[in-house]
Amino acid sequence: MTSINVGDRAPNFSLKNQNGESVSLSDFKGEKAVVLYFYPKDNTPGCTAESCAFRDSYTTFSDAGAEVIGISGDSVSSHKQFAQKHNLPFTLLSDQGNQVRKLYGVPDTVLFILPGRVTYVIDKEGIVRHIFNSQLNFQGHINESLKVLQAA
C-alpha cells in the first residue's frame, strides 16, 4: 500500500457517486480545492456524526473555495440512501473494492478490521496540503480542514 504525504500530488481516480455518475478528482483541478474524507461505513454512529458535521459546515467549505467529497466502500445505493436520510449536500463516492483507499494509503484500524478515517485537503492544483487521521475525533476532521483552507 502506498502512502500519500503533505506536498505530494494527490493521485487521480474516478468513482461512481450516490447518483451513479462518474466523478474524478481531476474534475476539480484548477477550479476548487477538495476536502476528501475517507470514512468506514454509511449509517454507523461515528460516520453519521462526521458526515453531518461536514454537512453543517458545507457553506463554510464552499465559501473557502472547496468541495467536500466522502469516500467509503459502501455501494452507490447505500450512499444514495445515506445522503438522502441526512440531507448531505456533497458527493459521496463508492469505493467498493477499496482501490482508492489503498491508493491513498488509508490505514485500517481496530485490529485491522475497520477501515480508517482520514481526511486530505487538496489544493486547486492537486497538491495535498494537509492530512488528518483520527478514528474518533470526528469534529477534528472538519476543524483541521477549515483551518488549512482559511489560511490559504
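Ring pairs join Tyr37, Tyr39, Phe54, Tyr58, Phe61, Phe82 and Phe90 into a cluster, where rings of Phe, Tyr and Trp (its six-membered ring) pair if their centres lie within 6.5 Å. The structure is a predicted model, in which local features need pLDDT of at least 70 and side-chain atom pairs count only at pLDDT 80 or more, while totals for chains, interfaces and linings use all residues. Residues are numbered from 1 along each chain as its sequence is written, and side-chain values use heavy atoms, with hydrogens and water left out.

**Aromatic pairs**

- The structure holds 10 aromatic pairs, whose planes count as stacked when under 30 degrees apart, as edge-to-face when over 60 and as tilted for the rest.
- The rings of tyrosine 37 and phenylalanine 90 are edge-to-face, because their planes stand at 75° with the centres 6.0 Å apart.
- This pair links distant parts of the chain, 53 residues apart, with tyrosine 37 in strand E3 (residues 33–38) and phenylalanine 90 in the loop between helix H3 (76–85) and strand E5 (91–94); helices (H or I, at least four residues) and strands (E, at least two) are DSSP runs, numbered from the N terminus.
- Tyrosine 37 is buried, with a relative accessible area of 0%, and phenylalanine 90 also counts as buried, at 2% relative accessibility; buried means under 20% relative accessible area, exposed over 50%, and partly exposed in between (1.4 Å probe, protein chains only).
- The rings of phenylalanine 38 and tyrosine 104 have planes at 45° and centres 5.6 Å apart, so this pair is tilted.
- Because phenylalanine 38 lies in strand E3 and tyrosine 104 in helix H4 (residues 99–104), the pair ties together parts that are 66 residues apart in sequence, and both phenylalanine 38 and tyrosine 104 are buried.

**The sheet and its helices**

- An open sheet is formed by 7 strands in the order E2-E1-E5-E4-E3-E8-E9, with mixed pairing; two strands pair if DSSP finds at least two bridges between them.
- Strand E2 (22–24) and strand E9 (128–133) are the edge strands, each pairing on one side only.
- Neighbouring strands of this sheet are turned by 30° against each other on average, direction ignored; axes are lines fitted to C-alpha atoms, for helices over the stretch in contact, and angles run from 0 to 180 degrees between N-to-C directions.
- E3 and strand E4 (residues 66–72) run parallel and are joined by 6 bridges, and the bridge partner of phenylalanine 38 in E4 is isoleucine 71.
- Helix H1 (residues 45–56) lies across E3, E4 and strand E8 (118–122), running at about 165° to E3, where contact means heavy atoms within 4.5 Å.
- H3 lies across strand E1 (14–17), E4 and E5, and runs at about 160° to E5.

- E8 is largely enclosed by the rest of the structure, because 5 of the 5 residues of E8 are buried.
- Val118, Tyr120 and Ile122 point one way from E8, whereas Thr119 and Val121 point the other way, and all are buried; in a regular strand the side chains alternate between the two faces of the sheet.
- E3 and E8 run antiparallel and are joined by 5 bridges, with valine 121 in E8 as the bridge partner of valine 35.
- E8 and E9 also run antiparallel, joined by 5 bridges, and in E9 the bridge partner of tyrosine 120 is isoleucine 131, while that of valine 118 is asparagine 133.
- E8 and E9 form a hairpin with 5 residues between them, and glycine 126 in the turn has a positive phi of about 90°.
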